[in-house]
Amino acid sequence: MKKEIEKALKNVILMNKKNIIESGFVKKIDLLNNKIVIYLILDNPAMHFKNELIKNIKNSIKSINILYTICFKIEMKSESSINIKPVIKNIIAIASGKGGVGKSTIATNIAVSLKEMGFHVGLLDADIYGPSIPLMFNIEKKNINTITHKNGIINPIISYGVKILSIGFFLKYGEAIVWRGPMVTKVLRQFIHETYWGELDFLIVDLPPGTGDIHLSILQEITLQGIVIVSTSQKIALSDVNRSVGMFRMKSIYVPIIGIIENMSFFFTKKEKEKYYFFGKNGVKNFSKKSNIFFLGEIPMLQEIRKYSDLGIPIVLKNDIIKNMFINITKNIINQINQLYIKN
Ligand code: ADP
């Protein structure tokens, strides 16, 4: 029976194309009364990774297991002598279909809101097309020379209590990047695994807009807890979001979508003090219903948000009304993550 189980487990293939037996993830298999106990040693602490693995293991031994219940004992691989390996509890990516919808502004303010709520937070700017996080945290003058540790391990820069690493630190001002997927993947691997993140409750990843080669590389490299999508209600923006949703739901890279945020939903007209829906009303809400995606909340279009973002100060530290809006959205994100992972 054990042999059969082992054979079946060889059908569970990981991202690196190896099966879980050859990757050394299975420590031992015990057969007790009517139970199969599988002892796993994992090197990836993310819940999403664990849940997916357990689901695949159960599926693979379904055909040979008629009477037994399956249990798992999971331990994490211990680190080597110098422990630089970060312990990151949740990695969440912020994505958009289109550029310019406020993805980085939202990522910035969610990161600072989480910090204000008492969490340890990191922010990884992976937007290779327009890394704007350094500007939004007033650290755009930093570069590789000021952040690389002498033994080659990267130190993130702390601003407003958030640990930040941006692909922009590795570029001179105004320099464009023409990188291909594998290069980006290599750099991101270093950003995640060879960086002194320490213990983080949340690592927020600001993804590049759109869909493509680079996204596939990023999504295959990082085990994400889920994706938060940002969009305006404009038809063009939503049609791009629709393509992104299709990508996140592809079987080969499936990542749960935590929810969608509507940005720049309305502004107040000066005279009438009425809400003016510049990009259209209810576009994101209707899209979220149609696509079965949780609506996390909306942020209006306000000059103050633009102004403080240009000054490198997250708006949540300046305006309590907007801060409450972001805190509510952030709480919704946390609730949704809890629900996603309790259900599985
Ligand atoms: P993206 O990351 O999607 O390209 P950004 O976050 O860089 O978008 O935002 C684009 C521009 O819009 C920035 O100048 C930013 O300050 C501004 N912006 C974003 N959200 C708002 C908002 N709710 N109100 C006013 N300006 C905003």
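1. Arg-306 comes out as partly exposed, at 43% relative accessibility (buried is under 20% relative accessible area, exposed over 50%, partly exposed in between, with a 1.4 Å probe and protein chains only). Its salt-bridge partner is Asp-310, with the closest N and O atoms 2.8 Å apart (the criterion: a side-chain nitrogen of Lys or Arg within 4 Å of a carboxyl oxygen of Asp or Glu). Asp-310 is partly exposed too, at 47%. Helices (H or I, at least four residues) and strands (E, at least two) are DSSP runs numbered from the N terminus.

2. Before going on, the ground rules. This is a predicted model, where local features need pLDDT of at least 70 and side-chain atom pairs count only at pLDDT 80 or more, while totals for chains, interfaces and linings use all residues. Residues are numbered from 1 along each chain as its sequence is written, and side-chain values use heavy atoms, with hydrogens and water left out.

3. The structure holds 10 salt bridges. One of them joins Asp-240 and Lys-98 at 3.4 Å, N to O. That pair links distant parts of the chain, 142 residues apart: Asp-240 is in helix 8 (residues 235-248), Lys-98 in the loop between strand 4 (87-96) and helix 3 (103-116). Asp-240 is buried at 15%, whereas Lys-98 is partly exposed at 30%.

4. Glu-52 and Lys-55 make another salt bridge, at 3.8 Å between the closest N and O atoms. Being 3 residues apart in helix 2 (residues 47-61), they are separated by about one helical turn. Glu-52 is partly exposed at 27%, and Lys-55 is partly exposed at 46%.

5. On to the sheet: it is open, with 3 strands in the order 1-2-3 and mixed pairing (strands pair if DSSP finds at least two bridges between them). Strand 1 (26-32) and strand 3 (69-76) are the edges, each pairing on one side only. The twist averages 15 degrees from one strand to the next. Strand 1 runs antiparallel to strand 2 (residues 35-42), with 6 bridges joining them; Leu-31 has Ile-36 in strand 2 as its bridge partner.

6. Two backbone spots to look at. Tyr-160, in the loop between strand 6 (157-159) and strand 7 (162-166), has a positive phi near 50 degrees without being a glycine. Tyr-160 is partly exposed at 32%. Met-264, also not a glycine, has a positive phi of about 55 degrees and lies in the loop between strand 10 (257-263) and strand 11 (267-268).

Technical notes. Axes are lines fitted to C-alpha atoms, for helices over the stretch in contact, and angles run from 0 to 180 degrees between N-to-C directions.
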